[in-house]
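I opened a new structure today and kept notes as I went. Here is what I looked up, in order.

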Amino acid sequence: MFWLNKAHASTFMPPQGTEIATQYDSLYEFIVIASLISCVLVIGGLAMFVLKYKRKSETDKTAYITHDTRLEFAWSFIPFVIFLVVFGWGTYIYVQMRKAPDNAFEVHTFGQKWNWDFVYKSGKKSSGLMVVPVNTPIKLIISSRDVLHSFYVPAFRIKQDAVPGRYTKLWFEANKVGDYQVFCTEYCGKDHSNMLAKIKVVTNEEFEEWLQNNPYKGLAATEIGAQVYAAKCVACHQKSAEQASSIAPSFLNLFGKTRQFADGSSTTADENYIRESILNPNAKVAKRISGEAFSPIMPAFAGQLSDEELMGIIEFLKTLKE
Ligand code: CUA
């Protein structure tokens, strides 16, 4: 049966990164082909009967037809069997899709406006990039730090909502080394469509090496800061002059300036102010150039950044001057 041919299946669908994806595509193609055959039979039959039994003269009379039990049974029972096959086959795949093996390697996954963070049990953290070993079941424990998001990997044919205040789970076992795209598939605000991440599937040896490796080894503080900025801040904080439409203060010339706050107070933007504004953003809510306060929408980063990363951001801010 040609729809079970793996090479053929990928012509309609994204690449197949897991065994589940292969099974999923087979079922999908079975449904498409069964629907096509039904469509041809029903529409073809309709057209044929319209032509064959067309009234040919004014005196033609409609034939007296009652019914045919065998025919009616056949056109009810055959679709019933097809539906049962789809139901059974679908349930079989769904159960496998939802039930993670007990020995699965766990990765905590956090969604927030507008990126994905991954935290490993060893303490390793990664933003926008999940590295996992090939041919190993991976279980994601997913939650959200703000609003509803949804973690979607087309190549694995899996999708799961990220819900604030609750853990949801998802699992996969990638069977090919390579990079796979993650999308957010629950509308979550301005940069929903940019809420992307990569899953990098590597060999076991490469994975162990990555897990041990300090990503900031040998980097200057400002370079660490630039990386953190690109991963965490850039969606809201610009490096160019503040616009009337900006949703958050610009980082340009921020360090060392006097900051005006919504409650009328002010302070100089020094290391302590920057640190507090990252870890507890609502402690002091800055005003816009127009004078009104920014909306206090920034999530707190307490517990998410290492001391090294905080230091990096502070040093990076100092370089944004003109
Ligand atoms: Cu997060 Cu859409």
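This is a predicted model: local features need pLDDT of at least 70, side-chain atom pairs count only at pLDDT 80 or more; totals for chains, interfaces and linings use all residues.

**Entry 1**

Five of them, in the order β3-β2-β1-β5-β8, make up an open sheet with mixed pairing. I then looked for the edges and found β3 (125-127) and β8 (168-172), each pairing on one side only. From one strand to the next, the twist averages 25 degrees.

I took a closer look at one pair. Strand β5 (residues 138-144) runs antiparallel to β8, and 5 bridges link the two. I picked lysine 139 and traced its bridge partner to tryptophan 171 in β8.

**Entry 2: the cysteines**

How many disulfides does a search of the whole structure find? I got 0. I wanted a reason, so I checked cysteine 233. Its closest cysteine sulfur belongs to cysteine 236 and lies 9.0 Å away, which is too far for a bond. A disulfide needs the two sulfur atoms within 2.5 Å.

Next I checked burial. Cysteine 233 has a relative accessible area of 14%, so I noted it as buried. Cysteine 184 is also buried, at 7% relative accessibility. The cut-off I applied for buried is under 20%.

**Entry 3: a loop residue**

Last, I turned to glutamine 16. I located it in the loop between α1 (6-9) and α2 (19-52). Is glutamine 16 buried or exposed? Its relative accessible area is 10%, so glutamine 16 counts as buried. I also found a polar contact of 2.6 Å between the side chains of glutamine 16 and aspartate 25.

Notes. Residues are numbered from 1 along each chain as its sequence is written. Side-chain values use heavy atoms; hydrogens and water are left out. Buried means under 20% relative accessible area, exposed over 50%, partly exposed in between (1.4 Å probe, protein chains only). Two strands pair if DSSP finds at least two bridges between them. Helices (H or I, at least four residues) and strands (E, at least two) are DSSP runs, numbered from the N terminus. Axes are lines fitted to C-alpha atoms, for helices over the stretch in contact, and angles run from 0 to 180 degrees between N-to-C directions. A polar contact is a pair of N or O atoms within 3.5 Å; within protein, one must be able to donate a hydrogen and the other to accept it, and residues adjacent in sequence count only if both atoms are side-chain atoms.
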